[in-house]
Amino acid sequence: MEYGLVVLWLAMYAWLAIAGLPLAALVFSRFADRGAALALPLVLAVVWVVAYWVGHLAAHVDWLTFGYPALAAGLLVVLALDAVALHRGVRPDWKGYRGWFTVFTAAFLLLILVRAVDPGAWPGGGEKFLDFGLLASSLRATALPPEDMWFAGEPVQYYYGGHMLASLLARLTATPAVYAYNPALA
């Protein structure tokens with residue numbers, strides 16, 4: 001387990017959640033914490049949806065590729081929605097964010113410890129081998145759906161949405177698939 005990458009991924013999650021606080025405060029304005037606990041899932045959902053559309057569009061447009069362009073488009077949409085929220089005078093709840101992120105950090109580190117006991121993705125270990133293969137295929141993909149790692153040249157016929165999001169987070173942190181598997185799983 002590469003613990004420096006664990007710190008990097010935790011910092012990335014903190015940054016993404018902070019980036020999503022204005023949007024969450026706009027969307028969940030009636031919540032007591034103004035959506036602070038939902039900032040990270042909201043940002044990940046926006047980035048995922050935009051990247052998914054860009055990835056499928058890349059299959060039909062020659063100059064467009066999945067990967068960094070899809071990630072950049074997703075992050076730009078988040079920042080644009082944040083700008084709209086801040087323009088409307090939305091105030092994020094920083095106190096609620098600190099409490100929520102403390103709980104998130106504890107849960108993330110607990111799962112990292114669980115994965116550190118047996119970090120391997122071996123064929124007899126359930127779907128770990130498949131998950132790693134889909135993550136690696138998503139990192140190699142230039143368009144969506146990614147190529148099936150067992151049926152080369154054909155698109156994958158399996159649920160790859162979470163693996164695609166993990167590949168985007170791996171790109172954001174410049175983490176190779178072999179190291180991104182465990183923090184993404186956690």
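Me: How many Å apart are the end C-alpha atoms of helix 3, and what span should its residues give?
Reply: The model is a predicted one. Helix 3 covers residues 68-87, which is 20 residues. At 1.5 Å a residue these should span 28 Å, and the separation of the end C-alpha atoms agrees with that, at 28 Å.

Me: Within what arc do the buried residues of helix 3 fall, seen down its axis?
Reply: The buried residues of helix 3 are A70, L71, G74, L75, V78, D82 and A85. They line one face of the helix, because their directions, seen down the helix axis, fall within an arc of 130 degrees.

Me: Which residues are exposed on the other side of helix 3?
Reply: One face of helix 3 is lined by its buried residues, since these fall within an arc of 130 degrees. On the other side, the exposed residues are L76 and H87.

Me: Which helices do the buried residues of helix 3 pack against?
Reply: The buried set includes L71, L75 and V78. The packing partners of the buried residues are helix 1, helix 2 and helix 6.

Me: Which residue just after helix 3 takes a positive phi, and of about how many degrees?
Reply: Helix 3 runs over residues 68-87. Just after this helix comes a glycine with a positive phi of about 85 degrees, namely G89.

**The whole fold**

Me: What percentage of the 186 residues is buried?
Reply: A residue counts as buried when its relative accessible area is under 20%. In this protein of 186 residues, the buried share is 46%.

Me: Among contacts between residues at least 6 apart in sequence, what percentage joins residues at least 24 apart?
Reply: The contacts considered here are those between residues at least 6 apart in sequence. Of these, the share that joins residues at least 24 apart is 71%.

Me: Is the pair of Y97 and W100 stacked, edge-to-face or tilted?
Reply: The count of aromatic pairs in the protein comes to 15. For Y97 and W100, the ring centres lie 6.1 Å apart and the planes stand at 40 degrees. Planes under 30 degrees apart would be stacked and those over 60 edge-to-face, so this pair is tilted.

Me: Which residues does A14 touch, not counting residues up to four places away in sequence?
Reply: A14 is in helix 1 and counts as buried, at 15% relative accessibility. Its C-alpha atom is separated by 9.9 Å from that of R98, 84 residues apart along the chain. The residues that A14 touches are Y97 and F101.

Me: Is S167 buried or exposed, and what is its relative accessible area?
Reply: S167 is placed in helix 6, residues 161-173. It touches F66, L135, S138 and L139, leaving aside residues up to four places away in sequence. S167 is buried, with a relative accessible area of 0%.

Me: Is the peptide bond from L144 to P145 cis or trans?
Reply: P145 is found in the loop between helix 5 and helix 6. The omega of the bond from L144 to P145 is near -5 degrees, and the bond is cis.

Me: Is A174 buried or exposed?
Reply: A174 lies in the loop between helix 6 and helix 7. Its phi is positive, about 55 degrees, although A174 is not a glycine. With a relative accessibility of 63%, A174 counts as exposed.

Technical notes
Residues numbered from 1 in each chain as written. Predicted model: local features only at pLDDT ≥ 70, side-chain atom pairs only at ≥ 80, totals over all residues. Heavy atoms only, no water. Helix = DSSP H or I, 4+ residues; strand = E, 2+ residues; numbered from the N terminus. Buried < 20%, exposed > 50% of the residue type's maximum accessible area, 1.4 Å probe, protein only. Contact = heavy atoms within 4.5 Å. Expected span 1.5 Å × (residues − 1). Arc of directions from axis to C-beta. Phe/Tyr/Trp six-rings, centres within 6.5 Å; stacked < 30°, edge-to-face > 60°.
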